[in-house]
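Please consider the structure shown below together with its sequence. The paragraphs that follow lead through it step by step.

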Amino acid sequence: MAAIFIGLLSCSFAQAETRVYLLRGWFGVFSTGMDELAAALNAQGAKAEAIGHLSWKATVSKIVQSRTGGKTGPLVLVGHSQGANNVIEMARSLETHKIAVDLLVTLAPFMQDPIPPNVVRAMNYYQNPGWGAPLTPGRGFQGKLSNIDVASDVKITHITIDKSAKVQAEIVRAVMALPKEGSKPSGDTQPREPAPAAR
């Protein structure tokens, strides 16, 4: 009996692991910070994976399949440049499957879509003047949105923003602070007024 209990407990912990998908930008060669972040998060106990931005649709299918199979831990999407735009598309696709995104992090997105209502918290790093733009809440969004302007840091550019030790540390802290059980969509599909963006 004890062995069965321990087995079920171990299974529960495995299902509740924090999953993080980090999307690189165009060509993948300029977004090595995504790989650094994945390594840092894995060292902290999360299950993180850096992938090319062109794999975003296949990754959505992978997430849907894992959630259908009972995985319930926090879900985090992080993207740099074009990958930042694609993680927003991923979140919107996951909304159609009623899957919540506990944390969405974008680094220097440009001409991006609004944040869908299944996102619990969104953090956006951009430069004004410079590359990137503030995120805007989509209709029905009730989560927390933080637009963080890093233009005052002369060491941060579009190419280096994903490698910034400060930015990486803030992302790791935000991921590791998530409740281990993850979030569930409210199921309320009625349009609401967008929540004000935090700055």
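D35 and R24 form a salt bridge in which the closest N and O atoms are 2.9 Å apart. This pair links distant parts of the chain: D35 belongs to helix 2 (residues 32–43), R24 to the loop between strand 1 and helix 2, and the two are 11 residues apart. With a relative accessible area of 33%, D35 is partly exposed, whereas R24, at 19% relative accessibility, counts as buried. The value for R24 falls under the 20% cut-off, and R24 is therefore classed as buried. The model described here is a predicted one.

In general terms, side chains of opposite charge can pair when their charged atoms come close. The chain has 4 salt bridges by the rule applied here. Among them is the pair E17 and R19, whose side chains meet with an N to O distance of 3.6 Å. E17 is partly exposed, at a relative accessible area of 25%, while R19 is buried, at 15%. Another of the salt bridges joins D162 to K163, with the closest N and O atoms 3.0 Å apart. In this pair D162 is buried, with a relative accessible area of 1%, and K163 is partly exposed, with 29%.

The wider setting of these pairs is the fold of the chain. Its secondary structure comprises 5 helices and 6 strands. Along the sequence, these elements follow the pattern α-β-α-β-α-β-α-β-β-β-α. Of the 199 residues in the chain, 46% are buried. Among contacts with a separation of 6 or more, 67% are made by residues 24 or more positions apart.

How many of the residues of strand 3 (residues 75–80) are buried? The count is 6 of the 6 residues, so strand 3 is largely enclosed by the rest of the structure. In a regular strand the side chains alternate between the two faces of the sheet. In strand 3, L75, L77 and G79 point one way, V76, V78 and H80 point the other way, and all of these residues are buried.

The pairing of strand 3 can be followed on to its partners. Strand 1 (residues 19–23) is joined to strand 3 by 5 bridges, and the two run parallel. One of the positions in this pairing is L23, whose bridge partner in strand 3 is G79.

Two residues stand out for their backbone angles, and one peptide bond for its geometry. As background, most residues other than glycine have a negative phi, and most peptide bonds are trans. S81 has a phi near 60 degrees, a positive value in a residue other than glycine. S81 is found in the loop between strand 3 and helix 4, and S81 is buried, with a relative accessible area of 13%. M111 likewise has a positive phi, near 55 degrees, and is a residue other than glycine. Its loop is the one between strand 4 (103–107) and strand 5 (121–126). Is M111 buried or exposed? M111 is exposed, with a relative accessible area of 70%. That value is over the 50% cut-off, which means that M111 is placed in the exposed class. The peptide bond from N128 to P129 is cis, with omega near 0 degrees. P129 lies in the loop between strand 5 and strand 6 (144–149).

Conventions: Residues numbered from 1 in each chain as written. Predicted model: local features only at pLDDT ≥ 70, side-chain atom pairs only at ≥ 80, totals over all residues. Heavy atoms only, no water. Helix = DSSP H or I, 4+ residues; strand = E, 2+ residues; numbered from the N terminus. Buried < 20%, exposed > 50% of the residue type's maximum accessible area, 1.4 Å probe, protein only. Pairing = 2+ DSSP bridges. Contact = heavy atoms within 4.5 Å.
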